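Try each task before reading its solution.

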Amino acid sequence: MTKPVVLTATKPVVLIAEELSPATIDALGPDFEIRYCDGANREELLPALTDVDAVLIRSATKIDQEALAAAKQLKVVARAGVGLDNVDVKAATVAGVMVVNAPTSNITSAAELAVGLLLATARNIAPASAALKDGKWKRSQYGGVELLNKTAGVVGLGRIGALTAERLAGFGMKIVAYDPYLSPARAGQLGVRLVSLDELLRESDFITVHLPKTPETVGLIGEEALKLVKPSVRIINAARGGIVDEQALANALRDGRVAGAGIDVWAKEPCTESPLFEFESVVVTPHLGASTEEAQEKAGVAVAKSVRLALAGELVPDAVNISSGVIAEEVRPGIALVEKLGRIYTALAGSVPVQLDIDVRGEITQFDVSVWKLAALKGLFQDVVEESVSYVNAPLLAQERGCEVRLLTDPNSADFRNVTTLRGTLADGGVISVSGTLTGPRMIEKVVGVNGFDLEVAVSEHMAFFTYVDRPGVVGTLGRVLGEAGINIGGMQVARDAAGGHALVVLTVDSQISAAVLSDISVEIGATTVRVVDLDS
């Protein structure tokens, strides 16, 4: 008699490619086969990826196209941390592999480091410690200042900035903040006073930076900004390297226009040489914002939970790309377009709306397009906040900033088979709108409307929008100024409400347009508004 064959279900395989905390393994639980390898060793990593369902990494393991090609069964890449520089997210998305990270794992650690740097600069802790260890008792040389009743200027009130402000308030400091994307109501809830950047620079005794790194924020605290500050100011940057111009800061310290600084992040990392290193009044650290036991453990546990959800086919809170299997194929091509419309909207508006409608019209509405709401919000906040934005934390960011959101659908579309419009009301009552669609068999992404102007312009990495009074010669002037600056125009379209009335010109260009060139254009054409968006960052 033949014995029956018993089929044993195999467990999904999870590869741990770097050292993670025991709590990470505990969070995975008993439902997986756990394997280990040295992810930094390519000869060991690539064959280890062959039949795994998920891989957990930190910063040393590189998951690129080669690694993804080797991982035929891979469903999830989990980065136990915030940054994703070592993961090719685009290639993973094309391969249908979900990428998750732990975007909030380090926010407390980062805020605490900023406070630590601020205290260290206030009391000259680092040079006093170094002198004493060198056998020198320099008690009178290293006097400092109290924080009580001083003004702290917080540049950027995202989660880390808000936590930092909360902690500094505990020292009895007065808190002012600059964040063009935060509503006064939310600032009031946080107990801070919103001011312009120039006001913050003039008023603050301490300035701490908590912004994302974008083309607009690089060099924000530079030569011109440092002409406005008090000579007693201390400047802290534990956010992103390059937001504070290191050379400009060194010049200000040398001239006595700034009293001290605490710097954790650098324009180029690793950084072992800087003009800031020569000053005793500058405390420097090698990007330690997330380097605490708690942050590392939180990151590991968070991504372990995400892996469990992903391999169970459930919603993943910290996914940075789209998981497969739950979104209609017809809907997928529009996700990237709507996210870009969100970024374009923020660039046009210059602030986050208090009310945003995602208005979807056409045949596509027969499918569930709710993911487009998430995509729009992800784009809306991508260039606004310091932390990573995912399709799940984007609604929370909107809620925190007092932005009410609606998804509207209508099967009828007058001019295009399908069209999506982001229409938002700003705090001052103004309304900004941008519309887009996909056209042709290649599904080309196009902007087809801006603030009531009808047009049809392919979405590009670098776009510029100028409004002005319609008159002859403007297009020629634009071409001349950009040509003299060595900037090539890829496409251009002009729309107007009437001859001699209001006009809008939209440009796609091959490279970023500098602030100086934008200023020249604005003056020469008499522009009423000038807006740029760079989608390559």
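## Exercise 1: a strand residue

M463 is found in strand β19 (strands are DSSP runs of E, at least two residues, numbered from the N terminus). Before going on, note that this is a predicted model, where local features need pLDDT of at least 70, side-chain atom pairs count only at pLDDT 80 or more, and totals for chains, interfaces and linings use all residues. Residues are numbered from 1 along each chain as its sequence is written, and side-chain values use heavy atoms, with hydrogens and water left out.

Task: decide whether M463 is buried or exposed, then list what M463 is in contact with.

Step 1. M463 counts as buried because its relative accessibility is 2% (buried is under 20% relative accessible area, exposed over 50%, partly exposed in between, with a 1.4 Å probe and protein chains only).

Step 2. Setting aside neighbours within four places in sequence, M463 has contacts including I344, V447, V506 and R531 (contact means heavy atoms within 4.5 Å).

Step 3. For R531, 68 residues away along the chain from M463, the C-alpha separation is 8.5 Å.

Technical notes. Helix = DSSP H or I, 4+ residues; strand = E, 2+ residues; numbered from the N terminus.
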